[in-house]
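Visitor: I'd like to learn how to read aromatic contacts. Could you walk me through some?

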Amino acid sequence: MCGIIGMVAHGPVNQAIYDGLTVLQHRGQDAAGIMTWEDGRLYLRKRNGLVRDVFRTEHMIQLRGHIGIGHVRYPTAGCASSAEAQPFYVNSPYGISLAHNGNLTNAEQLKRELFLEDLRHINTASDSEILLNVFAHELARPGKLRVDENDIFDAVSGVHRRCSGGYAAVAMINGYGMLAFRDPHGIRPVCFGERETPEGREYLVASESVAMDTLEFRLVRELAPGEALFVTLEGELHTRQCADAPENSPCLFEYVYLARPDSIIDDVAVYKARLRMGQHLAGKILREWPDHDIDVIIPVPDTSRTSALEMAQHLGVKYREGFIKNRYIGRTFIMPGQQERQKSVRQKLNPIGLEFKGKNVLLVDDSIVRGTTCGQIIQMARDEGARNVYFASAAPPVRYPNVYGIDMPSARELIAHDRSEEEVARLIGADRLIYQDLDDLVAAVQHGNMALTRFDASCFNGEYVTGDVTSDYLEALDQQRNDDAKNQRESADSLVDLQSEPD
């Protein structure tokens with residue numbers, strides 16, 4: 001899960017891209033980067049840290065040009081090395097920079113092909129650099145001194161033929177313009193918008209529509225699965241379907257947790273979808289626990305508030321805010337390493353004791369992944385005097401690794417993997433646990449756009465829409481990306497970063 005943005009305008013884009021990245025910050029807090037182009041020269045600033053910390057006035061002044069791309073990163077592999085901050089750049093052909101959200105499932109095969117057949121060297125462990133080099137090689141195939149939009153779209157078609165997984169990317173081709181494309185399954189989101197200025201029309205590409213709202217662009221639509229968009233330096237828009245057999249299968253977890261509630265993804269309002277998740281959860285409680293003794297419903301801030309409020313309304317139970325969140329602590333789910341996640345929970349949330357004392361409390365969260373956070377929160381509720389603590393998840397049990405760009409790749413670190421709901425309830429310390437049914441989650445999202453007939457729900461049902469994820473692949477991924485492996489890499493990367501030059 002990362003955030004991408006790109007812009008072609010008639011004036012400087014540095015401030016707009018910065019502002020857009022700040023509203024996409026929830027998609028990644030590890031690193032941020034902006035690259036712009038002007039008069040044949042590229043200007044780049046990227047570094048570990050939040051957007052507000054990476055860019056200072058002196059950096060913004062240097063980011064010149066009317067075209068640029070940006071990225072906020074969260075490390076799927078848990079590696080916090082500044083070497084993997086994006087955008088990435090390759091000088092041949094023409095000079096191409098790229099920012100990417102997602103994960104390639106055939107990255108190792110592609111890396112071998114790039115070295116043995118394409119004679120290209122990959123310098124990092126990031127599959128984004130692999131994606132960039134695959135595109136660069138495909139664009140170089142015609143061997144032309146100058147290319148046009150058809151050559152660029154043919155190169156994207158080559159990417160789709162060679163690359164598997166979930167990916168949404170935005171790129172700049174020096175002297176030509178901005179390119180954006182989405183994988184043939186539409187797993188990761190990307191949309192585009194436009195606005196009229198006295199100088200002419202300007203275009204914006206972003207992971208979520210909230211960037212359009214902030215920058216006062218009109219949302220045109222989501223890129224279709226397999227589709228590519230190219231905007232010339234003069235502001236001419238071109239689009240083309242570049243995949244042979246596209247099939248829209250957007251990621252369900254985007255609607256549960258990843259996206260901001262004020263975003264629209266594939267014509268579905270995320271806020272409305274989360275309201276419906278709460279309605280379905282309330283319906284399940286009324287069916288299976290009609291004589292419940294819940295006194296109060298309390299959300300685990302922030303993502304679950306919408307669902308919890310709707311649950312309370314449908315159950316006729318009081319809704320209360322029981323935890324105050326420290327706004328200066330990052331999202332626990334996307335912190336690399338289990339120890340860091342455990343340490344941050346009590347720093348992030350402080351309970352309001354009077355809302356718990358002597359009450360039967362139903363805590364509502366968007367999902368339960370590793371179980372560490374909800375276990376601590378349940379204990380906090382008990383410490384404040386709750387009589388019984390029940391727990392509801394707006395998502396079904398997360399039982400399987402996600403391989404398309406979300407940091408839940410190690411099955412043995414998922415609390416619901418190979419466990420019943422009763423076993424999970426005991427492990428997290430809940431008196432009762434209520435999970436959303438997968439059919440209800442699909443219905444909650446699909447209600448906003450009935451044309452969506454298929455979703456990537458692999459972390460819930462173990463069915464991988466790309467069809468190439470084997471047990472051997474999952475085992476190799478587990479060995480590479482479990483928390484122990486991440487911690488070892490982080491230790492090594494810290495030594496490297498200490499030797500890097502200061503700002």
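Predicted model: local features only at pLDDT ≥ 70, side-chain atom pairs only at ≥ 80, totals over all residues.

Visitor: How many aromatic pairs does a search of the whole structure find?

Guide: A pair of aromatic rings is described by the distance of the centres and the angle of the planes. Here the search finds nine (rings of Phe, Tyr and Trp, its six-membered ring, with centres within 6.5 Å; planes under 30 degrees apart are stacked, over 60 edge-to-face, the rest tilted). One of them is Tyr18 with Phe55, edge-to-face at 6.0 Å centre to centre and 85 degrees between the planes. That pair links distant parts of the chain, 37 residues apart.

Visitor: Are Tyr18 and Phe55 buried or exposed?

Guide: Buried means under 20% relative accessible area, exposed over 50%, partly exposed in between (1.4 Å probe, protein chains only). Tyr18 has 17% relative accessibility, so it counts as buried; Phe55, at 5%, is buried too.

Then there's Trp289 with Tyr390, edge-to-face at 4.8 Å and 90 degrees. Those two are 101 residues apart. Trp289 is buried at 9%, and Tyr390 is buried at 6%.

Visitor: What sits over the ring of Trp289?

Guide: The charged end of Arg432, 4.3 Å from the ring centre. The rule is NZ of Lys or CZ of Arg within 6 Å of the ring centre and within 35 degrees of the ring normal.

Notes. Residues numbered from 1 in each chain as written. Heavy atoms only, no water. Helix = DSSP H or I, 4+ residues; strand = E, 2+ residues; numbered from the N terminus.
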